[in-house]
Amino acid sequence: MDETEFWEIVDSTRAAAGGDPEDHADLLVERLVRLDPDSVLDFARHFEARYNRAYRWDLWGAAAVLLGGASDDAFDYFRCWLIAQGREVFEGAVHDPDALAELLEDFDEEADGDGEDLGYAADEAYEQLTGVVAPDLGLPPQAAEPAGTPFGVDDDTALAERFPALWERFGPV
């Protein structure tokens, strides 16, 4: 599976789910079980590589603005959700997290930003296909610390300064 096919699967299942992360995860599993096990593992590798790439301080800060705060787990689930928004949003956010203010049509912190189930979709599909747990993907492990310069992701002043567009559109009222 190449990168284009990976993003096509993400986009088509998101569109069919109407943007709902839980429905998206279910539809993603349904789509992946139509593939062979090796292709499901390829999809998982693409997903995991992007998940690890998004492990950045600046994206954690953007998640904190959008979610009204972001614990370790919340940031993990946010990265899954971010991948599920498709290539344009994902790449735009990795390049410039403040650009999420323009890339996202809307954002409801009650419904958006938590893609935990999306992170397990390939594992679930593989297990349904084979009856066994997916093997190690052979990718380097996630870095011990996020990339970039650390800052207080719970510091409203720092968040407003680093992400002016996001703060203006999605910050606390």
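## Burial of Arg31

A residue is called buried when its relative accessible area is under 20%, exposed when over 50%, and partly exposed in between (1.4 Å probe, protein chains only). Because its relative accessibility is 18%, Arg31 counts as buried. Arg31 belongs to helix H2 (residues 21-32); helices (H or I, at least four residues) are DSSP runs, numbered from the N terminus. Setting aside neighbours within four places in sequence, Arg31 is in contact (heavy atoms within 4.5 Å) with Glu8, Ile9 and Thr13.

## Basis of the values

The model is predicted: local features need pLDDT of at least 70, side-chain atom pairs count only at pLDDT 80 or more, and totals for chains, interfaces and linings use all residues. Residues are numbered from 1 along each chain as its sequence is written, and side-chain values use heavy atoms, with hydrogens and water left out.

## The nonpolar core and Phe78

In soluble globular proteins, nonpolar side chains tend to be buried together. A nonpolar core is here a set of buried Ala, Val, Leu, Ile, Met, Phe, Trp, Tyr and Cys residues joined through side-chain atoms within 4.5 Å. The largest such core has 55 residues, and among those with the most contacts inside it are Leu32, Phe43, Leu66 and Phe78. Helix H4 (residues 57-67) gives the most to this core, with 9 residues.

Phe78 is buried, with a relative accessible area of 0%. Not counting residues up to four places away in sequence, Phe78 touches Leu59, Ala63, Leu66, Leu67, Leu100 and Gly113.

## Aromatic pairs and charges over rings

Rings of Phe, Tyr and Trp (its six-membered ring) pair if their centres lie within 6.5 Å; planes under 30 degrees apart count as stacked, over 60 as edge-to-face and the rest as tilted. The count by this rule comes to 11 aromatic pairs. One of them joins Phe6 and Trp7 in an edge-to-face arrangement, 4.9 Å centre to centre with 70° between the planes. Both Phe6 and Trp7 are buried. Phe78 and Trp81 form a tilted pair, at 5.6 Å centre to centre and 35° between the planes. Because Phe78 and Trp81 are 3 residues apart in helix H5 (residues 72-84), about one helical turn separates them. Trp81 is buried, with a relative accessible area of 2%. Ring pairs also link Phe6, Trp7, Phe43, Phe47 and Phe90 into a cluster.

A charge sits over a ring if NZ of Lys or CZ of Arg is within 6 Å of the ring centre and within 35 degrees of the ring normal. Arg79 lies over the face of Tyr51, at 3.8 Å from the ring centre. The charged end of Arg79 also sits over the ring of Phe75, 5.0 Å from its centre.

## Helix packing

Axes are lines fitted to C-alpha atoms, for helices over the stretch in contact, and angles run from 0 to 180 degrees between N-to-C directions. Angles under 35 degrees count as roughly parallel, over 145 as roughly antiparallel, 65 to 115 as roughly perpendicular and the rest as oblique. The axes of helix H3 (residues 37-53) and helix H8 (residues 121-130) come within 9 Å and cross at roughly 170°; H3 and H8 are therefore roughly antiparallel. In this pairing, Pro37, Val40, Leu41, Phe43 and Ala44 of H3 meet Ala122, Ala125, Tyr126, Leu129 and Thr130 of H8.

The axes of H4 and H5 come within 10 Å and cross at roughly 95°, and these two helices are therefore roughly perpendicular. Residues making the contact include Leu59, Trp60 and Ala63 of H4, and Phe75, Phe78 and Leu82 of H5.
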